[in-house]
Amino acid sequence: MPSPAGRSAKDFFRPLAVGAPEPLREIPARPSRAIHFFDPSNPKMAAKVPQLTGTVDVLLGNLEDAVRADNKVAARESLVQIASSTSGLGGPDGSAQLWTRINSLDSPWVLDDLTRLIPAIGDKLDVVMVPKVQGAEDIAYVDRLLAQLEAKAGLDRPILVHAILETARGVANVEEICGASPRMQGLSLGPADLAADRRMKTTRVGGGHPGYLVRQDPTTTSDGVLGQERPTYQQDLWHYTIARMVDACAMHGIYPYYGPFGDISDPLACEDQFRNAFLLGCVGAWSLHPSQIEIANRVFSPSVEDIRHARRVVAALNRQGGDGTGAVMLDGKMEDDASLKQCLVLVELAEQLAAVDPKLKEIYDAIELTDE
Ligand SMILES: CCC(=O)SCCNC(=O)CCNC(=O)[C@H](O)C(C)(C)COP(=O)(O)OP(=O)(O)OC[C@H]1O[C@@H](n2cnc3c(N)ncnc32)[C@H](O)[C@@H]1OP(=O)(O)O
Ligand SMILES: O=CC(=O)O
Ligand SMILES: [Mg+2]
């Protein structure tokens, strides 16, 4: 049966153009806790890129929304210049990955975005983020064009594709989008465009809303007197969509991300939104301002307490027989094969992050287990 992108299983991993690099069989788990957005046409932001390179996992040169229409060409040209001249940025050995967000597929700029960037800096570009993806057909279009451009430029490594989930149709098609190409690296939630497309009645860029709540039932005393206290609890507007994204990404072996949190002046709420996404399975979020990089780096790195606990569970099950099966009691709680698997997710993530973040390595290396 053909895949949603119309390719049979035997053709799925064939290059889509003669001379294009072989598609990857597995998407590498490269740390990407913060995808830091900058507008390459803004000289102040562009000037910050070299100093940010050692502090953030991904730098993304944004060409789409938030870049003025009369700056689109300047942003593209400046991105070429930045990628060519910044050491440590992009490519398999870069200390920060280099991504770009191209303009939407129905815009007058997108064709020039790809035909200019791939020949000029294709060897540095790790991931192309595609906004407003509606279905597998959008990924198929970008997939073929990238293959043609890679072949023409003589690139030896395929550029990966990341889709933003920010239309109702995109959400309806989320599974087929994730499985549309071996280039698919991941998905980000685009809460601002998604809210508009869904005709939600919000005006914010991500985050919660005080009106979206549940209220506790009225309480009555034994005398039948109605209590005055009826606490309310704000709910998460994005839970449903993030949960769908996480399942679709896990099913296809790719990575889910929370997107933008627009209230730069509210780092606490930003942290909460990022942490909800982390706990549900996301690996990172966007940073729109330098102050959000530290929040994402911290939230999307497992805590010392989580790693200590995870290692204790691994050690306890190992002591019992070494193959990770069976059940043990630890701190009054039952641990078995399934809780071990959860702990291994955290331990493996900590190892990947420690490999690129020496400070974190030091912190994780210093954790002592007290049970032995
Ligand atoms: C809504 C859906 C989406 O598509 S979200 C993704 C698209 N939006 C973006 O990419 C927004 C990126 N961020 C920004 O444009 C700016 O951070 C905004 C939010 C406008 C705030 O800028 P501004 O008022 O200059 O902030 P500030 O004075 O606190 O800045 C301090 C210094 O830092 C710089 N800065 C700011 N943002 C960035 C950034 N993203 N990357 C690199 N540098 C940044 C500022 O230029 C300023 O520099 P300096 O210290 O004056 O030299
Ligand atoms: O592009 C992001 C969004 O929230 O819209
Ligand atoms: Mg958007």
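Reader: What makes up the shell around ligand 2, by class?

Author: Its residues divide into 4 nonpolar, 1 polar and 3 charged. Ala, Val, Leu, Ile, Met, Phe, Trp, Tyr, Cys and Pro count as nonpolar, Asp, Glu, Lys and Arg as charged, and the others, Gly among them, as polar. This is a predicted model: local features need pLDDT of at least 70 and side-chain atom pairs 80 or more, while totals for chains, interfaces and linings use all residues. Residues are numbered from 1 along each chain as its sequence is written, chains are lettered from A and ligands numbered from 1 in the order written, and side-chain values use heavy atoms, without hydrogens and water.

Reader: Which residues are around ligand 2?

Author: Arg101, Glu166, Gly190, Pro191, Ala192, Asp193, Pro260 and Trp286. Each counts as near because one of its heavy atoms lies within 4 Å of the ligand. Helix α7 (residues 191-197) gives the most, with 3 residues.

Reader: Why is the pair between Asp193 and ligand 2 called a polar contact?

Author: A polar backbone atom of Asp193 is 2.8 Å from an oxygen atom of the ligand. The cut-off for a pair of N or O atoms is 3.5 Å, so the pair qualifies. Arg101 also reaches a ligand oxygen, with a polar side-chain atom at 3.1 Å. Pro191 uses a backbone N or O atom, again 3.1 Å from an oxygen of ligand 2. Taken alone, ligand 2 exposes 190 Å², and the protein buries 93% of that.

Reader: What makes Glu166 and Asp193 donors of the magnesium ion?

Author: Glu166 (OE) and Asp193 (OD) lie 2.1 Å from the ion, ligand 3. Donors are N, O and S atoms within 2.8 Å of the metal (3.2 Å for Na, K and Ca), so both pass. Water is not among the atoms, so the site may look incomplete. Glu166 sits in the loop between β5 (160-165) and α5 (168-172), and Asp193 in helix α7, 27 residues apart.

Reader: Which atoms make contact with ligand 1?

Author: The side chain of His289 has an N or O atom 2.7 Å from a ligand oxygen. A backbone N or O atom of Leu288 lies 2.8 Å from a ligand nitrogen. A polar side-chain atom of Lys48 lies 3.1 Å from an oxygen of ligand 1. Taken alone, ligand 1 exposes 970 Å², and the protein buries 62% of that.

Terms used
Polar contact = N/O pair within 3.5 Å; in protein donor to acceptor, adjacent residues only side chain to side chain. Areas by Shrake-Rupley, 256 points an atom, 1.4 Å probe, with all protein chains shown as cover. Helix = DSSP H or I, 4+ residues; strand = E, 2+ residues; numbered from the N terminus.
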